[in-house]
Amino acid sequence: MSTLNINEMFETIQGEGAHTGIPSIFVRLQGCPVGCPWCDTKHTWEIKADLSVTPEAVINKGQESETYFISDEAALLAQFSIEGYVAKHVVITGGEPCMYDLRPLTKLLHDNGYSTQIETSGTFEVLCDPRTYVTVSPKINMKGGYDVLVSALERANEIKHPIAMQKHIDELDALLTNVSSLEGKQVCLQPISQQKRATELAVKTCIERNWRLSLQTHKYIGIE
Ligand SMILES: C[S@@+](CC[C@H](N)C(=O)[O-])C[C@H]1O[C@@H](n2cnc3c(N)ncnc32)[C@H](O)[C@@H]1O
Ligand SMILES: Nc1nc2[nH]cc(C(=O)O)c2c(=O)[nH]1
Ligand code: SF4
Ligand SMILES: [Mg+2]
């Protein structure tokens, strides 16, 4: 059994990357040391012992907070039924989900008819089922001082890079020189914080490179 600290659990539509539009159960894990200044989930960064609460308190929290519940793969699968979730795609995100060994959870979910996806910064080893779709959103030169692992980039099914300026694209180009092949991988650019200039640059570059544009669709239509 693996211990999982869960900040949020909700059923929605995947709003990012090549799987945009897919009905999904989101499991947001607590904890991240990477320190991206523009992170839109800073409330997941710390794991504070006194903020561990019940699953019901988390699932019905109604607003972002640092509270989380402690679970394991079997209890989480049972919680999906308790909540009456019908989506069959599970997105494991965070925080930085690859701080956890996700092999037990992803194997159990696939063995029970779910597809799984991980949203990771690429700064921790990706431990998951071979059937899992791995989205690496590389975090380069962030405050935590973590490096993007080549092993994470090689495992990635999708590389989804957040950008605000040309420097971010240049950094991605340099990073991709370490990858043996992009064959079969989706490459997406995602404007940081829906900024107009970032979006214009992302559109222009995606057309030039034949990459995919990834908008945080959920933020435009006002869903979780
Ligand atoms: C909150 S992170 C959690 C998963 C993992 N720590 C990571 O960074 O990939 C989920 C996704 O949101 C993206 N993201 C976070 N803050 C963002 C922002 N302000 N604008 C655009 N994308 C953002 C990340 O790049 C990542 O693709
Ligand atoms: N709808 C929706 N789609 C998402 N795709 C990646 C997300 C994330 O926070 O990891 C996310 C999210 O927070 N909401
Ligand atoms: S790695 Fe992900 S969760 Fe961590 S600070 Fe960066 S965007 Fe936020
Ligand atoms: Mg999000």
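Me: What makes the pair formed by a nitrogen atom of ligand 2 and a polar backbone atom of Ile13 a polar contact?
Reply: Happy to go through it. In this predicted model, a nitrogen atom of ligand 2 lies 2.9 Å from a polar backbone atom of Ile13. The cut-off for N or O pairs is 3.5 Å, so the pair counts as a polar contact.

Me: Which side chain has an N or O atom 2.6 Å from a nitrogen atom of ligand 2?
Reply: That is the side chain of Gln14. A polar backbone atom of Gly15 is also 3.0 Å from a nitrogen atom of ligand 2. Both pairs are within 3.5 Å, so they qualify too. The protein covers 91% of the 320 Å² of accessible area that ligand 2 has on its own.

Me: Why is Phe26 listed among the residues surrounding ligand 2?
Reply: Phe26 is one of the residues around ligand 2, along with Arg28, Thr93 and His218, among others. A place in that list takes a heavy atom within 4 Å, so Phe26 must have one.

Me: Which strands each supply at least two residues of the shell around ligand 2?
Reply: Strand E1 (4-13) and strand E2 (23-29) do.

Me: How do you know where ligand 2 sits?
Reply: Ligand 2 is placed in the largest pocket, which means that more than half of its atoms lie within 2 Å of the pocket's grid points.

Me: Why does the shell around ligand 3 have 1 charged residue?
Reply: The residues around ligand 3 include Cys32, Trp45, Ser121 and Lys139. Lys counts as charged, so Lys139 is that residue. The rest of the shell is 5 nonpolar and 4 polar residues.

Conventions. Residues numbered from 1 in each chain as written. Chains lettered and ligands numbered in written order. Predicted model: local features only at pLDDT ≥ 70, side-chain atom pairs only at ≥ 80, totals over all residues. Heavy atoms only, no water. Polar contact = N/O pair within 3.5 Å; in protein donor to acceptor, adjacent residues only side chain to side chain. Areas by Shrake-Rupley, 256 points an atom, 1.4 Å probe, with all protein chains shown as cover. 1 Å grid on protein atoms, 1.4 Å probe; cavity = no way out; pocket = protein on both sides within 12 Å on 5 of 7 lines; lining within 4 Å. Helix = DSSP H or I, 4+ residues; strand = E, 2+ residues; numbered from the N terminus.
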